[in-house]
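Below is a short briefing on one protein chain.

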Amino acid sequence: MRVLNNRQEIADAAGTELGVSAWITIEQERIDLFADATGDRQWIHIDPERAVDGPFGATVAHGYLTLSMLPFLGAQVYAFAGDVARVNYGLNTVRFVAPVRVDSRIRDRVKVLEVRDIAKGQQVTLQHTVEIEGGDRPACVAEAVVLLMDNEGPSA
């Protein structure tokens with residue numbers, strides 16, 4: 001795991017790859033739990049018997065399930081040290097390039113695209129590329145924006 005210890009190290013990381021997470025298997029149980037949590041119970045996700053004859057030959061993870069794995073996978077790759085508030089600011093782009101079939105293994109490759117100073121800290125844009133083991137295309141490519149806000153309390 002790469003730890004970025006201060007504002008200068010974070011700024012210097014712009015344009016660099018931070019690393020790659022470990023592989024994690026996306027099992028049917030995880031897909032089913034995500035379906036229950038979100039109410040997205042489409043058969044391509046939760047009906048293994050029907051999905052065999054579907055477009056992917058098996059059940060597939062929800063795209064948003066794959067996206068929701070970024071905090072877990074990203075935490076294996078990098079950390080921002082120090083007493084700063086880390087706030088998810090949003091996503092610039094998200095593309096679900098290839099389906100994640102049940103029992104596939106995925107991992108996250110993280111790159112710092114841009115670092116900008118803001119009034120209370122830094123804005124960091126990270127590119128997450130979720131790879132599928134043995135696949136020729138990624139499952140997901142997302143640009144996530146994180147605000148690192150100095151811990152100085154509320155402004156007047």
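**Fold and overall layout**

In sequence order, the protein chain runs β-α-β-β-α-α-α-α-α-β-β-β-β-β. That pattern comprises six helices and eight strands, where helices (H or I, at least four residues) and strands (E, at least two) are DSSP runs numbered from the N terminus. The model is predicted: local features need pLDDT of at least 70, side-chain atom pairs count only at pLDDT 80 or more, and totals for chains, interfaces and linings use all residues. Residues are numbered from 1 along each chain as its sequence is written, and side-chain values use heavy atoms, with hydrogens and water left out.

- The C-alpha trace of the protein chain spans about 60 × 35 × 20 Å along its principal axes.
- The protein chain has 156 residues, of which 37% count as buried; buried means under 20% relative accessible area, exposed over 50%, and partly exposed in between (1.4 Å probe, protein chains only).
- Among contacts (heavy atoms within 4.5 Å) between residues at least 6 apart in sequence, 68% join residues at least 24 apart.
- The UniProt record, an unreviewed entry, annotates residues 12-128 as "domain: MaoC-like"; such annotations may be inferred rather than shown by experiment.
- Residues 12-128 are 26% helix and 39% strand, with the end C-alpha atoms 18 Å apart.

**Pockets**

- A pocket is an open set of points on a 1 Å grid over the protein atoms alone where a 1.4 Å probe fits, with protein on both sides within 12 Å along at least five of seven lines; lining residues have an atom within 4 Å of a point.
- The largest pocket has a volume of about 390 Å³, a volume being the space filled by probe spheres set on the points.
- Its lining has 18 residues, and P71, Y78, N88, H128 and V146 lie nearest the centre.
- Helix 6 (70-74), strand 4 (78-80), strand 5 (84-96) and strand 8 (140-150) each supply at least two lining residues of the largest pocket, and strand 5 gives the most, with six.
- By class, this lining has 13 nonpolar, four polar and one charged residues; Ala, Val, Leu, Ile, Met, Phe, Trp, Tyr, Cys and Pro count as nonpolar, Asp, Glu, Lys and Arg as charged, and the others, Gly among them, as polar.
- The second largest pocket has a volume of about 210 Å³.
- It is lined by 15 residues, with A61, H62, G63, F96 and P99 closest to its centre.
- Helix 5 provides the largest share of the lining of the second largest pocket, three residues.

**Nonpolar cores**

- A nonpolar core is a set of buried Ala, Val, Leu, Ile, Met, Phe, Trp, Tyr and Cys residues joined through side-chain atoms within 4.5 Å.
- The largest nonpolar core has 20 residues, and I26, L65, V100 and I106 have the most contacts inside it.
- Another core, of 14 residues, lies apart from it and includes I10, Y78, V146 and L148.

**D103 and S104**

- D103 is in the loop between strand 5 and strand 6 (104-118) and is exposed, because its relative accessible area is 52%.
- Beyond four places in sequence, D103 contacts T25, I26 and E27.
- S104 belongs to strand 6 and is buried, because its relative accessible area is 16%.
- Leaving out residues up to four places away in sequence, S104 touches I24, T25, I26 and I132.
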